[in-house]
Each structure stands twice: as structure tokens, then as C-alpha cells.
Amino acid sequence: MRRRLATFLHRHARVRLSLLLSAPLAWLGLAYLGALAALLVTAFWSTDTFTGNLIRTFTWANFEDLVTGEVYRTIALRSLGVAAAVTLIDLVVAFPMAFAMAKLASPRAQRWLVIAVLTPLWASYLVKAYAWRVLLSADGLLGWGYGLGATILTLSYLWLPYMILPIYAGLERLPNSLLDAAGDLGARGWRTFRTVVWPLAFPAVVAGSIFTFSLSLGDYITVKIVGGRSQLIGNVVYDNIGAANNLPFAAAVATVPVLIMLVYLAAVRRTGALENL
Amino acid sequence: MRSIPRMAAAVAALALAAACGSTETAAPAAPAPGVSGFTPPKIDALASLGAGEGQVNLVAWAGYVEDGSTDPKVDWVTEFESSTGCQVNTKTAGTSDEMVNLMKTGEYDAVSASGDASLRLIAAGDVAPVNTSLIPNYADVFPGLKDKPWNSVGGVSYGVPHGRGANLLMWRTDTVNPAPDSWGVVFDPASPYKGKVTAYDSPIYIADAAVYLMSTKPELGIKNPYALDDTQFQAAVDLLKQQRTIIGEYWSDYTKEIQAFKSGDSVVGTTWQVIANLATAEKAPIEVTLPKEGATGWSDTWMVAAAAKHPNCAYRWLDWIISPKANAQVAEWFGEAPSNSKSCAETADPKHCDTFHATDEDYFSKVYYWTTPIPQCLDGRTDVTCKDYAEWTRAWTEIKG
Amino acid sequence: MNLSRTARAVLWGALAAGLAVIYVPLAVVVLNSFNADRTFGWPPPGFTLDWWAAAWRSTGMREALWTSVQAASGATLIALLLGTMAAFAVQRYSFFGRDTVSLLIVLPIALPGIVTGIALSNTFHTVLGIPLGLFTVIVGHATFCVVTVYNNVLARLRRLGVSIEEASADLGADTFTTFRLVTFPMMRSALLAGGLLAFALSFDEIIVTTFTAGAGVRTLPIWIFENLFRPNQAPVVNVVAAALIVLSVIPIWLAQRITGEASRY
């Protein structure tokens, strides 16, 4: 029986393929995309403000409010700026670190360095954010105070390992001989970096940026802890669903980060970054 | 992080008017038409108490149902379980809306609803009236908490009061001089404490601005800080937008605010009594007051689900949680005034009731309990539409900018 | 590699500085777990072991830890299964829409957690009518964990090629035997690396969890969240974090060892 099944599978590549694909596609294609679609539909509904029950009649009202409200534009742009700043800071900090790890450290040291970078991921996100609150407080070690800058700093810290790891993996795959060859051909350090290392490591960089960008874009907790009086798009979503029980409007607001990420993914898809996460 | 009225609630102005006026006993029995704004679905209360069902599912605020798992010394559930045979399962809700949603699932028997959730639960038919004669300890509840618009509709009681507290003004004594007695200190755009003022991070905070406007701009005619028409609402929002320029940060949890006051990141702003006590215990130089304009506050209610699968255990829980000992324990752990008059003799700290003004009806007469703003104006006006909570939430987003 | 002495020094310096930045706040966490001040006052007015004792006694913390381990294990198992299947399909076959599969798998991690969270909770609640519980948390976590396994396996398959498997088939092994004796052993370290990352992602996830956790389901991050904002409990949270930092070294180190040994493939 088993033998016959094996032979059957061996001969029918299409059957093998559909068996392999069925479960992941059912889960992500049907269940997850379905959930997103259901959320999108909800964005066209409204709620009975008193009883909190959904009113299932089509309306553009949520999107009208979203588009006409100047405050939402400001918040969306601010969130975009924060996500971009976090990504840039993480890139600048992570790249040299990942390069040193991948190309300068001995294999044995590499193993320990990866552990060193991974370890903070296990200390709770909230606890780390609070540690920054303590550091930034007026009488704290740094004493820089709270606000948008503090939010960017804290988010950069929280997501740094997510940038280091893909870049490290990308650089590690890059053969040393390639760099030596560039050197032998007379390219100096900077030129080798610009013409050889960067183009080859770019997909890995983009992969890291997907993490830092999306994690920053969806955050609403860090900004509450160190953000002073500022708010981001995640807070608007959270406040509308948590405080006002207005799922339709929250869903409408949530389409903004979704759109931003979809545009971003479409833009980077060709780089092969999606396989480097 | 509770971004909303974490505990409490209620349709305060009427209660206040009633408490101050001579109509004290008459008011709850005959609420003005606009006050309730709705007729609740007809649901019968439990007629008699039967045998316990062996368990009870509760929806509660963090700290309301403690079984010793947080701290072995903090436990008023184990004794309930052993004496009634009702096993307690708790779902901690973070917000009032979560509570409302959880109660809609029909999986829960009782809920510690804040006033901004209680009316919605009643209106949607999610909770049943409570037969208080089946709850012996109800007799000892402070009269000032019974038959209030946030726990009763048309004279029918929908729950038992759990506790109450006020949102106070706190300041650091070393930097803020002279000692403030008005909310003006947190609303003055030319404040010397610019950048060190703090405010509660929730749409319900708009009511605090409304309370201030009630005395500073009487021409607006605000009677109830939770019933604001377009003009009144705009005035409150404008005041808060102006206030934002002097805000250092908005706070939403104890730890954050205590830490900010200790370090001096915040020097003046709204607080709860329990935060003030903890900050004082940590040797922060702070002082609190109930400002002359009055303040917002909360009063929570334990309610029974209309579709409760374990109603007998739920009733036993309601009786237990307002029994003198358990009520004293929860009030001390959570940091609020108990609802049972006999609880004051049971608190570990003999001064707890004084600290939290438990028996001081005069003090609570200045408190406008949190309640859900609804389109039907809660102050009884029928010629205008008031701003509902969804609009309060949007406005709050706009205020924070 | 022929980098100048200065370049090397700068890179090593950057690495050291980066690690310092990573570890200073962690040191603050560890220090605060002994801080006598309940709200992490700085500098600490004194040191105490009370919080460690309190954390040790806290059954709520232990229950939450166990819930988190269950949730992360469940999510990791599902992610391993789905991620491996998808990676095989994409790497070993060509079919219409192959590129879209990658995009689909990346999507749950690329979209902000709050979107995934409310989309799933809305679906469970209003569309499917499934009561929220540990199961829904696992489903939510598995959704965004698939990608870590998928990418690790995909990279490994790409490096391996198909020649060894073909040799196995030529020698008479059927599809299952080849997988068991040839393919799987070569993928073990990739599965481990992907699985570990999935476990870590799930273990510290709070946003999706907030929206998908049901009655009484309290994962460790949710427990931390609740306790951080309770005045008497905040320092205990630091203890848990400090303990986790220390304990986390064990699984990571083990995985690194196995990965390191397996990398000769």
C-alpha cells in the first residue's frame, strides 16, 4: 500500500505539489486573507454607538472621515516618518555589526555573537520598553525626556536584532573569495563595499527593513510608555476598537498601514528580499 | 494598559442634583425621560436562590478577583470557593468595551461593569435585573450608592455597587507653589509648569475639561459633563487642545504616573487616590486635593448576565464581594472606597475608609461618576443631540494631534 | 580578507558599541529586579531580594509561563509543518503563482500586528463564532510564524539541490524513504533555526495575543502587561524578564551547537 502510494506520488508531480501546497494555502490564502477581507468589509459598516452592535449596511462614512480628517493625515505621516527613521537607524547600526560578525569573527565567535544578539529577544518587549523609560526619565541615566525622539530610539532598540540577523545571514552567505577578488582587482574598501558587498547584501537589508518597518508601523504600546504626548496610527486603531468599540472605523484606519506595507512589499519584491527574512 | 474609564461610571449630574437637593429619594424612582433614554428589554430577575452550580465565570477588572495567584496574601476567592462550592473562573478585561463584548458571548455569569458599560449592557439585554432581597449584604451598602442611574433603570436594580473613587488633582509640593485648589493649574496655557503637566489618556478625560468649564464658563450651560451638545463639546475640546501645549505626557497606568511624579517628569495633573498613596509611600513629595470645581470619578457595579448558566453561584458571588471582609480586602488592594458600610471595620489599615473618604457623602457629592456619553442627552435635554462616545474618541485623537 | 587595519578597528568598534547598547538596558532590567523602589526609581535607593521571592511564589506567573510555552510550542509545530510544505512546493516545483506564495507567507509578519490581531479576532468572533481561547492564540501565532521556517528551509533546499535525492531514488528508495533518510536529516538544522525563531517570536508576542486570547488565557507577555501596571507588582516583572534572559541562553546555545555541527552538510 505504502509502496503503491509512493510510486503514485513519484509519478505524479502535480499531485505531490497540490498535497504540499494545500495546507499552507488553506491556512494563509483562505483563513488569513479571508480574515483580512472580512475586516475590510467591516470597514464599510458602522456601529450602534450605544449598544455596540454592528450595523451591517454599506457606508463610505468611515473612509470619508479618514480622508477628510486632517489629523489622520498628520498621524499617518508621523507614523510613516517614525517607521522610516527606525529602519534607517537600525540599518546604520546593524550593518557594521553584522559585517564584523560575518566577516571578521572566527566561526566559534560567530556562534556566540549570534547568541548575544538573539538573547534580548527573550526579555519581554514591555520590560525593555520600561527600562528605556527609566533610562530616559529626567533623573535617569540618560535623562533625555520623553517624546517622539524617545519613541524612535526605543523602537530602534527593540527591533535592532530583527535587522542584524537577516543582514548577518546574507553577508555570511557571501563568499570571502568574492571580496578578495575585488581587492585583488584593485578596489579599495569603500569601492568594494559599494560595488560588491552592498548590491549582494541588499536583499537581506530589505528583509530586515520589512521587520523594522512593519513592527514600528503597528506599534501602539511603546509610544504610550515613552512617547510623552504623541500618538501613532496604532493608537488610533487601538483607541477606536478598545475604547470606543468602533470596529468599523478601526478597520478603516487599519487599511492605512496595510496599504503602506503592500506598496512597500510590491516595491521590494523584485529584490528577492522576501526569501531572506 | 487601560485606555478607558477603567473602573467606573455613571450618569452623574442627576445623581448629583439629587444628592444635593431635596428630591434625593424621589429622583431615582422617577428618572427624567432623557436620563435613561431607553427602555430596557424585559428580563426577569432570579426569584429564589437554588443550589450552586459548582462554578461561576466572571468578567472583572484586574485586581477585583484575586485568588492568591498574584500574591498569596491577597486572596478573597479561595474562601468563597470552599464555602459555596462554586469554582471561580475569571477573565480580566482591559477595557469597558472588552467587557461589553465578552458579556455578549454569553459565556459569563457576572461582570464588574463600570458605569460606562453598565447602561449599555442593560440596554442590549445582556444583563438581568438583580433581586437584591437574595443578597443579604446589600442591606449594608452605603445609601449613596444604591438606586443610582448607572446601576438602576426605572427603580429596578441591575447590580450591586462594588466601590468608588474620585479623579483627584496631584502636585509635587517642592515645585508647585502655591498649593492649587482649582483645575485651572492644569488648563492655564501660560502655566509655569509647562511641559510637566500630565492628564489621563482617555477620551473620558474630556469630561474633566467639561467639569472645569461648568464653573469657569457658566454661560455654556453645562449641567452634566457627560451630556455635551455641539457648542459645549467644542469648548471642552478647544480647552484640551490648548492644554496639550503644556502637557508633558498623558498617563494611563499607575506605574507610569508614579514614576513620572517621583522623577519630576510630571509635577501636576490628574490622579487616583491609590496612586497618591503609593507615591507617598515611595517618598515622593506630593499632595492631592479634590478641587473646588468638583471632579470626575467612578463607581463600579457587579451585574448578572441575562443568559447566566450559573446564576445561583453568580448571586453568591455578588453577596460575597460586597460582604464586609471581602469588600474591605478588594477595596484596599485596588485602592478605592468600599461600598459596604461595615467594611470600614474590616480593613487592615484602620484609616483606609478615611483616606478614601468612604463615608464622606459630602465629598462624593462633588464627584461626577464616569458614564458613557450617548446621543440622548443625559441631563434630560430633548431639544438637542449630545455627542456620543465614538465622537469623544475621535475628538480625543484630534486633541492629541 | 584584505581590509585595512583602520577599517577592521572601526568594524570591531561598531560591533562592541552595538552590543553595549543592546546590553545596557538589559542590565537596567536586571538591576531593577533588585531595586527596593517599587517604580524603578533611579538611582536605586536600596537593594532587595523581595521581588525574586515574590516572583517565585507567584502561581499566576508560573501558569502564564506554562501557557506561553504551550502557545509557542503549538504555533511552532504548525509553523514547522506549513513552512516546510510551502518551501518544498516553491523550491522543487514550478507552477503558476509561485511568487505569490512567498508574498502570502510574508504577509502576516509584514502587516502590523494590530491588523492581524483585529482581523483574526473579528473572524473568530463574528464570522466563525469560535470562542477565544488558547487555541485561537496558537492559530494567530502560527500565522505569522510560518515565514521563519519557510525561509530557513527554502534557503537550505536551494543550497542542497536535488542530486542527492535523485541518487537515493536511483538506488531504489521510494519517496518516503528518501525523505526520511536523506532529505530530512539534511534539513534538520534549518528546521531547528526556523523553529527556534518561531518559538521566540511567539513567546514574546503581545499585540496579536491581546486580541486573540480568550477567558483565563494569560500568556507571559499578557501577565507582564497586567502586572507592570499594577503598582505592587511592577518589580516582579523585572525578575521574570531577568530570569528569562538567563534561561534563554540554554535553548539558543543548544540550537547553535546543533546548527553548527550540522552545517557541514
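A salt bridge here is a side-chain nitrogen of Lys or Arg sitting within 4 Å of a carboxyl oxygen of Asp or Glu. By that rule, the count between domain 1 of chain B and domain 2 of chain B is zero salt bridges.

## Ground rules

You're looking at a predicted model, where local features need pLDDT of at least 70, side-chain atom pairs count only at pLDDT 80 or more, and totals for chains, interfaces and linings use all residues. Residues are numbered from 1 along each chain as its sequence is written, chains are lettered from A and ligands numbered from 1 in the order in which they are written, and side-chain values use heavy atoms, with hydrogens and water left out.

## Chain B and its two domains

An automatic or database domain assignment supplies the domain bounds. For chain B, domain 1 is 12-164 + 297-369 and domain 2 is 166-294 + 381-400. Their centres, taken over C-alpha atoms, are separated by 27 Å. Contact (heavy atoms within 4.5 Å) involves 13 residues of domain 1 of chain B and 19 residues of domain 2 of chain B.

Buried area is the accessible area (1.4 Å probe) that two parts lose on being put together, summed over both. For these two domains of chain B it comes to about 1400 Å², with 62% on carbon and sulfur atoms. There is one residue pair in polar contact between them (both at pLDDT 80 or more); that term means a pair of N or O atoms within 3.5 Å, where within protein one must be able to donate a hydrogen and the other to accept it, and residues adjacent in sequence count only if both atoms are side-chain atoms. On the domain 1 side of chain B, the elements giving two or more residues are helix H1 (12-20), strand S12 (295-305) and strand S14 (367-369). S14(B) has the largest share of that side, three residues. By class, the residues of that side are nine nonpolar, three polar and one charged. The classes work like this: Ala, Val, Leu, Ile, Met, Phe, Trp, Tyr, Cys and Pro are nonpolar, Asp, Glu, Lys and Arg are charged, and the others, Gly among them, are polar.

The unreviewed UniProt entry puts "transmembrane region" on residues 20-45, 75-100, 112-132, 144-165, 196-217 and 247-267 of chain A. A word on such labels: UniProt positions are given in the numbering used here, feature names are shortened, and annotations may be inferred rather than shown by experiment. Helices (H or I, at least four residues) and strands (E, at least two) are DSSP runs, numbered from the N terminus. Residues 20-45 of chain A are 88% helix and 0% strand, with end C-alpha atoms 38 Å apart. Residues 196-217 of chain A are 100% helix and 0% strand, and the end C-alpha atoms there lie 31 Å apart.

## Chain C: helices throughout

Chain C has 11 helices and zero strands. Along the principal axes, the C-alpha atoms of chain C fill a box of roughly 70 × 65 × 30 Å.

For chain C, the "transmembrane region" annotation from the unreviewed UniProt entry covers residues 12-34, 65-89, 101-121, 127-150, 190-216 and 236-255. Take residues 12-34 of chain C: 91% helix, 0% strand, and 33 Å between the end C-alpha atoms. Residues 101-121 of chain C are 90% helix and 0% strand, with 24 Å between the end C-alpha atoms.

## Where A meets C

This contact takes 94 residues from chain A and 95 residues from chain C. About 8700 Å² is buried between the two chains, and carbon and sulfur atoms give 78% of that. On the chain A side, Trp27(A), Tyr32(A) and Trp122(A) lose the most area to chain C, together 10% of what that side buries.

Salt bridges between chain A and chain C number zero, while nine residue pairs are in polar contact across that interface (both at pLDDT 80 or more). Helix H2 (residues 13-42) of chain A gives the most to the side of chain A that touches chain C, with 20 residues. That side of chain A holds 68 nonpolar, 12 polar and 14 charged residues.

## Where C meets B

Here, 25 residues from chain C and 24 residues from chain B are in contact. The area buried between chain C and chain B is about 2100 Å², and carbon and sulfur atoms give 53% of it.

Helix H3 (59-92) and helix H10 (220-228) of chain C each supply at least two residues of the side that touches chain B. H10(C) gives the most to that side, with four residues. The class breakdown for the side of chain C that touches chain B is nine nonpolar, 10 polar and six charged residues.
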